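Subject: A structure for you to explore

Hi,

Here is the structure I promised to pass on to you.

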Amino acid sequence: MATNLNLNRRGAPGSGSQAFDVLQKMIHPVSCLLVAAILSGCAISSLDQSDDAGPRETTQAFMTEVFQYDRDLFTDSSFKKRYFSIRLRDQIDEGLRTAVSYTPPPNEPWVGHPARQDRFNQTILNAWDVPTSFSVGEAEALGDTADVSVTYYWGPGTQYEGDERLTIVKLVRENSHWRVDDLVTTKGEFVPAGSLSETLKN
């Protein structure tokens, strides 16, 4: 309490209390700058940690978003830039352009273009009936490329109930960030093996 009273006291010109008031005014903006610098440093540290995500962490974040169904990720520019490599983005964009004039085979009129209205990410997952869950395995990195294994699971009520399917997420490092360059799916009980890049070419 005594300290607070002393800080608010004002004396005659040249007195010690006035000198203290002047010093207090000088210290205040300096302390604000120090606090701002500390907060800025914390923000930069958090950003760096996100940017430095390894291939496994990138795959985990990518698959988490893919499993949020009823989103057409091929037309989501922010998602594509955040997760897909430049090569794969170009291939997807080309697929979107060709999908406009796509005509299904006469003997298979139900077949749609793989890049068109993929609201449930069936093309990304290489599955007609999308899985209910997934698990991410370990990453194998070599230089600026990496492979991360992901297992899809189909639960009760799905067309592939009880099926498990291994997918290799292939990543490349671009500008210090890991980006998904392809997804290669092994043969499952109900579907053949395939890759996202090959599907987009067809």
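D70 is partly exposed, because its relative accessibility is 46%, which lies between the 20% limit for buried and the 50% limit for exposed. You will find D70 in the loop between α3 and α4. Its backbone is worth a look: D70 is not a glycine, yet its phi is positive, at about 70 degrees. Please keep in mind that this is a predicted model, here and in everything below.

S176 also has a positive phi, near 70 degrees, and is likewise a residue other than glycine. S176 sits in the loop between β3 and β4. With a relative accessible area of 57%, S176 is exposed, because the limit for that word is 50%.

Now for the sheet. Five strands make it up, in the order β1-β2-β3-β4-β5, and the sheet is open with antiparallel pairing. Which strands stand at the edges? They are β1 and β5 (194–195); each has a single partner strand, so one side of each has no neighbour in the sheet.

You can follow the pairing from strand to strand:

- β1 (residues 133–142) and β2 (residues 145–153) run antiparallel and are joined by eight bridges. Along this pairing, A139 stands opposite V148, and E140 has D147 of β2 as its bridge partner.
- The hairpin of β1 and β2 has two residues between the strands, and G143 there takes a positive phi near 65 degrees.
- β2 also pairs with β3 (residues 164–174), again in the antiparallel sense, over nine bridges. Here V148 stands opposite V169 in β3.

T167 lies in strand β3 and is buried, with a relative accessible area of 0%. Its side chain is joined to that of T185 by a polar contact of 3.1 Å. Leaving aside residues up to four places away in sequence, T167 touches V148, S149, V150, Y152, L183, V184 and T185.

The other one is D163, in the loop between β2 and β3. Is D163 buried or exposed? D163 counts as buried, because its relative accessibility is 5% and the limit for buried is 20%. The side chain of D163 makes a polar contact of 3.3 Å with the side chain of R165. Beyond residues up to four places away in sequence, D163 touches Y152, Y153, W154, G188, E189 and F190.

Next, the aromatic rings. A pair of them is described by the distance of the centres and the angle of the planes. How many aromatic pairs does the structure hold? There are ten. In one of them, F62 and F84 have ring centres 5.7 Å apart and planes at 65 degrees, so the pair is edge-to-face; the limit for that word is over 60 degrees. This pair links distant parts of the chain: F62 belongs to helix α3 (residues 55–66), while F84 is in the loop between α4 (77–83) and α5 (86–99), 22 residues apart. F62 is buried, with a relative accessible area of 0%, and F84 is buried with a value of 0% too.

F84 forms an edge-to-face pair with F79 as well, at 5.6 Å centre to centre and 85 degrees between the planes. Like F84, F79 is buried. Elsewhere, ring pairs link F67, Y69, F134, Y152, W154 and Y160 into a cluster.

Last, a word on confidence. The average pLDDT of the chain is 74, and 64% of the residues score at least 70. Over residues 1–50 the pLDDT is below 50, and this stretch has ten contacts in the model beyond near neighbours in sequence. Residues 109–113 also stay under 50, with nine contacts beyond four places in sequence.

Enjoy exploring, and write back with any questions!

Best wishes

Notes
Residues are numbered from 1 along each chain as its sequence is written. This is a predicted model: local features need pLDDT of at least 70, side-chain atom pairs count only at pLDDT 80 or more; totals for chains, interfaces and linings use all residues. Side-chain values use heavy atoms; hydrogens and water are left out. Rings of Phe, Tyr and Trp (its six-membered ring) pair if their centres lie within 6.5 Å; planes under 30 degrees apart count as stacked, over 60 as edge-to-face and the rest as tilted. Helices (H or I, at least four residues) and strands (E, at least two) are DSSP runs, numbered from the N terminus. Buried means under 20% relative accessible area, exposed over 50%, partly exposed in between (1.4 Å probe, protein chains only). Two strands pair if DSSP finds at least two bridges between them. A polar contact is a pair of N or O atoms within 3.5 Å; within protein, one must be able to donate a hydrogen and the other to accept it, and residues adjacent in sequence count only if both atoms are side-chain atoms. Contact means heavy atoms within 4.5 Å. pLDDT is the predictor's confidence in each residue, from 0 to 100.
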